[in-house]
Amino acid sequence: NAYADQGNSASALRYFASALRLYEKRKDKKNIAYTHNVMGITYSDKGDFKQALQHYNQALLINKNLLNKKGMMKNHNNIGYLYNKMGEYSLALENLNSALQIAEDLADKKAVANACLNMGDSYLRLGNYTEALAYQLKSLKINTDLGDSADIAINNNNIGQIHYEQKNYSEAMDYFSKAIQTNTKLNNKQDLAKNFTNIGMVDEETGKYEDASSVITFRIVKE
């Protein structure tokens, strides 16, 4: 996994392919499924969604046969997240709901939070703001209980987006500001850029053009 963490996807995939051949020789089905899953993640990160989906589905099929609920949960969540990236939101929700049900059965709070976060994103893209907000708030509560600052920031940003789409600009600004506070502490420059861009959009909608210009300038400087 070191290659994937460093962003060297070609080296990572060669390593995973070798590992997969070894596990297939040994008929080690659990690790075959695991390797298909990490290959899916690597292909997803490099934008090859077709290959990513094939590997996720192979992992899911094996884990179903093994009755490996934790593995199935991860596969469904990854497939759902991938379908969100592909714009296939109904298919995303179908898989994320499966992941959520298993996570709740296993009492895996972090997995519940992850599934709810991704479902909230699906519903936002579909324009169902009531469901989007409900799932993001549920995810936020769990992440707050768990003290997961990075995902708290993502929840706050996503909730801000929901309010923005509904033209609730004051609420949107509040949540975007919370995300900025957290990401500043985490020194998460990539997500900070997104947060400031969102605040700039609110400022434009509310007629604060000078503030919006300052936000965009700040974003350029930070990057």
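Colleague: In which helix does Asp191 lie, and does Asp191 count as buried or exposed?

Modeller: This is a predicted model, and in it Asp191 belongs to helix α11, which covers residues 189-205. Buried means under 20% relative accessible area. Asp191 has a relative accessibility of 18%, so Asp191 counts as buried.

Colleague: With which residues is Asp191 in contact, leaving aside its neighbours within four places in sequence?

Modeller: On that basis Asp191 is in contact with Ile154 and Asn183.

Colleague: How is a pair of packed helices described?

Modeller: Two values are used: the angle between the two axes and the distance between those axes. For α7 and α9 (residues 149-165), the angle is about 25° and the axes are 11 Å apart.

Colleague: What does that angle say about the directions of α7 and α9?

Modeller: Angles under 35 degrees count as roughly parallel, so α7 and α9 are roughly parallel to each other. The crossing of this pair is left-handed.

Colleague: Which residues make the contact between α7 and α9?

Modeller: From α7 come Lys110, Asn114, Leu117, Leu124 and Arg125. From α9 come Asp151, Ile154, Asn155, Asn158, Gln161, Ile162 and Glu165. Sorted by class, this contact holds four nonpolar, four polar and four charged residues.

Colleague: At what angle do α4 and α5 pack, and how far apart are their axes?

Modeller: The angle between α4 and α5 is about 160°, and their axes are 9 Å apart. Angles over 145 degrees count as roughly antiparallel, so α4 and α5 are roughly antiparallel to each other. Their crossing is left-handed.

Colleague: Which residues of α4 and α5 meet?

Modeller: The α4 side consists of Phe49, Ala52, Leu53, Tyr56, Asn57, Ala59, Leu60, Asn63 and Lys64. The α5 side consists of Gly71, Met72, Asn75, His76, Asn78, Ile79, Leu82, Tyr83, Lys85 and Met86. By class, the contact has eleven nonpolar, six polar and two charged residues.

Colleague: How many residues are in the largest nonpolar core, and which have the most contacts inside it?

Modeller: A nonpolar core joins buried residues of the nonpolar kinds through side-chain atoms within 4.5 Å. Here the largest such core has 39 residues, and those with the most contacts inside it are Ile79, Leu100, Val112, Met119, Tyr123 and Tyr135. The elements giving two or more residues to this core are α2 (9-26), α3 (29-45), α4 (49-66), α5 (69-86), α6 (89-105), α7 (109-126) and α8 (129-146). The largest share, eight residues, is from α7.

Colleague: Which residues does Leu100 touch?

Modeller: Not counting residues up to four places away in sequence, Leu100 touches Val112, Ala115, Cys116, Met119 and Tyr135. There is also a second, separate core of nine residues, among them Ile180, Leu192, Phe196 and Ile199.

Colleague: How many helices and strands does the protein have, and what part of its residues count as buried?

Modeller: The protein has twelve helices and zero strands. Of its 223 residues, 44% count as buried. The C-alpha trace spans about 65 × 35 × 30 Å along its principal axes.

Definitions and conventions:
Residues numbered from 1 in each chain as written. Predicted model: local features only at pLDDT ≥ 70, side-chain atom pairs only at ≥ 80, totals over all residues. Heavy atoms only, no water. Buried < 20%, exposed > 50% of the residue type's maximum accessible area, 1.4 Å probe, protein only. Helix = DSSP H or I, 4+ residues; strand = E, 2+ residues; numbered from the N terminus. Contact = heavy atoms within 4.5 Å. Axes fitted to C-alpha atoms, helices over the stretch in contact; angles between N-to-C directions. Parallel < 35°, antiparallel > 145°, perpendicular 65-115°, else oblique. Left-handed = near helix turned anticlockwise from the far one by under 90°. Nonpolar A, V, L, I, M, F, W, Y, C, P; charged D, E, K, R; others polar.
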